[in-house]
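Here is a short note to read beside the model. Please keep the structure open while going through the points.

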Amino acid sequence: MSVITLSVNGKEVAIPEGVSLLEATRAAGVDIPLLCHLDGLEPVGACRLCLVEVEGSNRLMPACTTAASEGMAIHTHTHQLLDYRRMAVELFFAEGNHICAFCVANGNCELQNVAVQVGMDHSRFPYQYPQRVVDASHPLFAIDHNRCILCTRCVRVCDEIEGAHVWDVGSRGSHCHIVAGLDQPWGEVEACTNCGKCVDVCPTGAIFHKEDTTAEKLRHSDRPALLKAARDEHVWRNQ
Amino acid sequence: MSSSGSTTPARQLRCCGASGCRSAGSEELQAALEAARDAAGHTAQELAIKPVGCLRLCGRGPLVACDGPGGTTLYGAVPPTEAGALIEAARLGDHGNDTLQTSRLDPQLPFFALQSSVVLEGCGQVDPESIDDAIAFGTYSQLRRCLHELTPEEVREQVKRSGLRGRGGGGYPTGLKWDTVALQPPGPRYVVCNADEGDPGAFMDRSVLESDPHRLLEGLAIAAYAVGADRGYVYVRAEYPLAVERLRKALQQARRAGLLGNGIDGTSFSLTIEVRVGAGAYVCGEETALLQSIQGQRGMPRPRPPYPAQSGLWGAPTLINNVETMAAVPVILREGGDWYASMGTAGSKGTKVFALSGAVTNTGLVEVPMGTTLRSVVEVIGGGVPDGSPIKAVQTGGPSGGCIPAELLDTPVDYESLMELGSMMGSGGMVVMGETTSMPEVARHFMRFSVNESCGKCVPCRAGTVQLAQLLDRFVERRASPADMAKLDALCRMVKATSLCGLGQSAPNPVLSTLRYFRHEYEAACRQPALCEQP
């Protein structure tokens with residue numbers, strides 16, 4: 001395995017060749033906010049929170065999808081990036097109906113954590129209060145579209161790890177929503193194996209166990225990475 | 001430049017049958033002309049009536065060109081009731097007829113005289129539904145020459161020498177892209193023609209598809225040969241039914257003629273081309289989304305790199321160029337890359353086709369050398385605003401471009417100059433705006449377009465454009481505050497810098513460019529204009 005070196009905020013780090021800039025920031029001990037990315041799932045670069053500045057490039061690059069290369073110099077917390085991140089989080093809050101006080105994920109929500117991390121205490125952009133629905137047709141789980149941030153983790157975990165591809169994205173733009181099966185009630189989708197991986201990876205309270213009430217949802221976002229390691233490398237990290 | 005076949009009768013009427021003229025009644029006119037000719041007892045040998053493609057001046061359709069020994073006379077907006085008079089004029093070669101006075105167009109008009117037809121040379125000359133006519137015009141001769149006489153390297157060399165850059169808007173050097181695909185490790189590769197022309201006010205590619213589809217197929221086949229691909233796709237939007245129909249017909253004819261398929265023209269080169277019809281998403285014009293769509297997936301862009309030239313359709317190296325780029329290739333090979341590079345400016349070579357519309361006298365298709373000033377395009381060729389009032393601004397590049405104010409109209413049209421002005425070349429739509437146009441309204445119009453067409457993958461574009469459109473509402477409705485101005489500025493910069501694909505990154509351009517040149521209009525829309533922060 002060859003190793004490359006690059007600098008993150010001026011600090012030199014050595015990482016294996018072929019990994020992403022995200023691994024470089026982790027090696028440097030730098031914490032950047034993530035919402036769509038989850039270890040073990042294919043990165044998509046959709047939430048734009050992990051954008052970093054790369055010296056010599058006039059475009060911001062998502063750390064999760066950009067391959068690290070020898071000699072790169074990246075900056076993760078410039079004034080401008082902090083500004084953009086906060087705005088992105090404001091846009092997330094303004095576009096959905098995120099009422100933490102009632103949410104199953106209150107206190108254990110990645111969107112909430114990211115808001116704290118970027119210092120977003122209020123949104124400068126008006127809340128859109130979209131009309132969204134709750135689908136509780138599944139016997140074990142439910143999906144509350146009001147809380148969905150369209151990270152597509154559920155889509156990816158179901159497709160890549162479980163291999164059922166129950167979830168996908170429907171419509172366009174601000175009308176985008178997660179659809180089950182052929183845009184059916186979740187409970188009618190025969191492909192669903194009731195595995196609950198989508199519940200494990202959902203960063204907010206959008207997908208949850210029906211028995212959870214306010215602030216009771218537990219996340220298990222490390223599971224895709226454990227499963228992937230078990231399958232690809234035959235390493236069972238929980239043993 | 002035309003090499004018309006020997007069977008062309010001395011006198012003929014060429015009737016435009018492209019979408020613009022069709023909607024103005026060209027089919028009825030052509031039928032009336034045929035009936036009038038028959039009624040007057042003339043045969044098709046004496047006076048041919050030929051359906052052709054775009055004759056450029058779309059705003060005066062239906063257009064008919066009369067060819068005779070004395071030259072060509074062009075008529076526009078001929079009512080079918082005047083068909084008899086037109087037949088008589090064409091047969092006698094006497095174009096002084098008073099009844100046709102109002103329909104006769106002066107060929108010396110700058111609109112025609114200042115154009116240089118390169119990509120459009122066959123548009124309005126060839127019958128788009130006849131491969132024989134296209135071949136008689138010289139189409140496919142360069143494909144044959146490439147296959148028999150040139151190596152793929154030599155073909156790419158000519159394209160590189162031509163300095164041709166992507167006409168879809170990005171302006172990436174075409175030869176470099178071809179090389180990148182050709183030099184990938186051995187394995188399958190694809191060529192794709194992007195005919196998903198979606199910018200409002202852009203109809204260049206549609207005209208090429210409807211008027212001269214065989215030229216596009218020839219360019220695509222040459223590109224496939226040059227990069228070593230044996231499969232190709234043309235991705236056309238469903239909103240262009242006539243283009244799809246003619247393209248499919250052209251493909252069928254080319255296959256029957258042995259110009260596509262296995263062992264083309266007796267060589268070992270094979271190429272299969274398929275038409276894929278889009279389902280109405282503007283974002284599918286973005287190359288990575290387009291490739292997803294061809295693969296049968298949801299049309300959503302993905303981050304680049306890897307670029308399609310390295311990893312495109314089904315992970316294979318894929319060459320993707322738009323219609324105008326592909327259609328320029330046969331001419332470049334015929335006349336040589338150096339000939340093409342002799343036109344245009346240092347950084348932008350050759351000619352560019354523009355679709356001129358809006359508050360302009362001559363609406364239609366314009367092909368001019370790169371570097372022509374905007375003023376000569378919109379004022380001289382376009383004839384300015386119909387009522388003679390001054391032009392306020394010119395919008396180029398559709399929802400990704402910007403508004404260029406009248407005082408900057410002397411800017412030469414090339415990729416860099418337009419970019420410096422905060423606009424972009426885009427695919428070639430040019431919308432002229434008169435003095436009564438409100439700039440915040442223009443910005444909101446384009447922002448609403450982006451709201452509707454955002455794919456929804458990344459948050460700045462999905463949610464940011466919605467907020468921008470609502471902020472612009474406040475300006476249009478004259479209830480904005482100085483804080484809105486600051487918010488508008490900041491959010492535009494954020495959406496531009498952080499969006500995933502070109503659609504989101506360029507969505508704020510109409511706002512940023514109007515803020516730059518017409519800031520006073522935004523300030524005037526604030527309740528307390530004096531408090532607005534200066535940039």
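1. The crossing of helices H17(B) and H19(B) is left-handed. This is a predicted model, and the points below should be read with that in mind.

2. H17 covers residues 439-453 of chain B, and H19 covers residues 464-476 of chain B. Their axes lie 9 Å apart and meet at an angle of about 155°. Angles over 145 degrees count as roughly antiparallel, so H17(B) and H19(B) are roughly antiparallel to each other.

3. Which residues bring the two helices together? On the H17(B) side, those in contact include B:Pro440, B:Ala443, B:Met447 and B:Val451, along with B:Glu441, B:Arg444 and B:Arg448. On the H19(B) side, the partners include B:Val466, B:Leu468, B:Leu472 and B:Phe475, as well as B:Thr465 and B:Asp473. By class, this contact has 10 nonpolar, 2 polar and 4 charged residues.

4. Turning to chain A, the secondary structure consists of 6 helices and 10 strands. The C-alpha trace of chain A spans about 50 × 50 × 30 Å along its principal axes.

5. Why can chain A be described as agreeing with a compact globule? A compact globule of 239 residues would have a radius of gyration near 18 Å, and chain A has 19 Å, which agrees.

6. Of the 239 residues in chain A, 42% are buried. Among the contacts in chain A with a separation of 6 or more, 63% are between residues 24 or more positions apart.

Technical notes: Residues numbered from 1 in each chain as written. Chains lettered and ligands numbered in written order. Predicted model: local features only at pLDDT ≥ 70, side-chain atom pairs only at ≥ 80, totals over all residues. Helix = DSSP H or I, 4+ residues; strand = E, 2+ residues; numbered from the N terminus. Rg over C-alpha atoms; globule rule 2.2 N^0.38 Å. Buried ≥ 20, exposed ≤ 12 C-beta atoms within 10 Å, placed from the backbone. Contact = placed C-beta atoms within 7 Å. Axes fitted to C-alpha atoms, helices over the stretch in contact; angles between N-to-C directions. Parallel < 35°, antiparallel > 145°, perpendicular 65-115°, else oblique. Left-handed = near helix turned anticlockwise from the far one by under 90°. Nonpolar A, V, L, I, M, F, W, Y, C, P; charged D, E, K, R; others polar.
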